[in-house]
Amino acid sequence: ATTLNKATGVSCEAVNGAADIVITENQSLAAEGYVLEVTTDGVSIEAATSDGAYYALQTMLRLLPPNVILGKADAACEKYALPVVRIEDEPRFAYRGFMLDVSRHFFTIEQVKRMIDLMAIYKMNVFHWHLTEDQGWRLEIPQYPNLARCGSVRLRSPAHGAVLNRGKDADGARKYWSTEMTTEVYGPFFYTAKDVKEILAYAVERHIRVVPEIELPGHARAALGSYPALSCFPERIKAGSAADDWGIHRDVFCMGN
């Protein structure tokens, strides 16, 4: 209703009883499946779960002019009409995921929400949130404040458009480096506990499950830069920040420490 109202200026509201768009439960359908039928009398939706009903509504919105699914008014559009149609639909795959890496390149809360909105349009249901890496730790953990204070900062990064060279370091690990490095500090960029709760609630409203990725024992240079004593070789760790180069890092969490 909110999406329709924002785009069309029509005053829609959810009611129990007679309506132009009627949603009914049908347990014979697949868990995320639905039947959407548009006639000259109105719209009927059948679904076994709220997920299926939500996807049916997404399909209905996409049958209207494109500004509707975006929730934006369009003064040039004078008429909103659905085609007479019957659609029976269910997903082929149960896990329809999208992964966003915010460790190397940070995305703001509003940008993350925009990604979740696009996922909903395409009926994706799992948001894989890649929160930690060698190049950045983006999750606030109150018990370990250095993770956000130090691990969310890079003292420099490869310049935009710079060519990355490929090779191996002294230990034989793959390494990518650039001779063009910025001198600009990148960060601190991280999500507070409040931010995370906001994103979780936003995703749940759109029938999307959030799967956080917190890597260990490898891909941990940002965490080790925050707490070098947790490394196998603390003397090799540049304390106080995340890794500022790409590639494979040999330093991992030490099980003994």
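Reader: How many helices and strands does the protein have, and how do you know that it is more spread out than a compact globule?

Author: In this predicted model, the protein has 7 helices and 12 strands. The radius of gyration is 24 Å, while the globule rule gives 18 Å for 257 residues, and because the value is well over that, the protein is described as more spread out than a compact globule. Along its principal axes, the C-alpha trace spans about 75 × 40 × 35 Å.

Reader: What share of the residues is buried, and what share of the contacts between residues at least 6 apart in sequence joins residues at least 24 apart?

Author: Of the 257 residues, 39% are buried, a word kept for residues with under 20% relative accessible area. As for the contacts between residues at least 6 apart in sequence, 64% join residues at least 24 apart.

Reader: What makes the span of helix H4 close to the expected one?

Author: Helix H4, residues 109-121, has 13 residues and reaches 19 Å from its first C-alpha to its last, and this is close to the 18 Å expected at 1.5 Å a residue. The buried residues of H4 are Ile109, Val112, Lys113, Ile116, Met119, Ala120 and Ile121, and what covers them includes helix H2 (50-62), helix H3 (66-69), strand E5 (97-101), strand E6 (126-130) and H6.

Reader: Why is Val196 called buried?

Author: Val196 has a relative accessible area of 17%, and buried means under 20%, so Val196 counts as buried. Val196 is placed in helix H6 and, not counting residues up to four places away in sequence, touches Trp129, Leu139 and Tyr191. Val196 and Ile109 are 87 residues apart in sequence, yet their C-alpha atoms are 9.0 Å apart in space.

Reader: What is said of the phi of Lys123, and is Lys123 buried or exposed?

Author: Lys123 has a positive phi of about 60° although it is not a glycine. Lys123 follows H4, in the loop between H4 and E6, and because its relative accessibility is 17%, Lys123 counts as buried.

Reader: Which peptide bonds are cis, with omega near 0°?

Author: The peptide bond from Gly187 to Pro188 is cis, with omega near 0°, and Pro188 is found in the loop between E10 and H6. The peptide bond from Leu216 to Pro217 is also cis, with omega near 0°, and Pro217 lies in the loop between strand E11 (209-213) and helix H7 (221-226).

Notes
Residues numbered from 1 in each chain as written. Predicted model: local features only at pLDDT ≥ 70, side-chain atom pairs only at ≥ 80, totals over all residues. Heavy atoms only, no water. Helix = DSSP H or I, 4+ residues; strand = E, 2+ residues; numbered from the N terminus. Rg over C-alpha atoms; globule rule 2.2 N^0.38 Å. Buried < 20%, exposed > 50% of the residue type's maximum accessible area, 1.4 Å probe, protein only. Contact = heavy atoms within 4.5 Å. Expected span 1.5 Å × (residues − 1).
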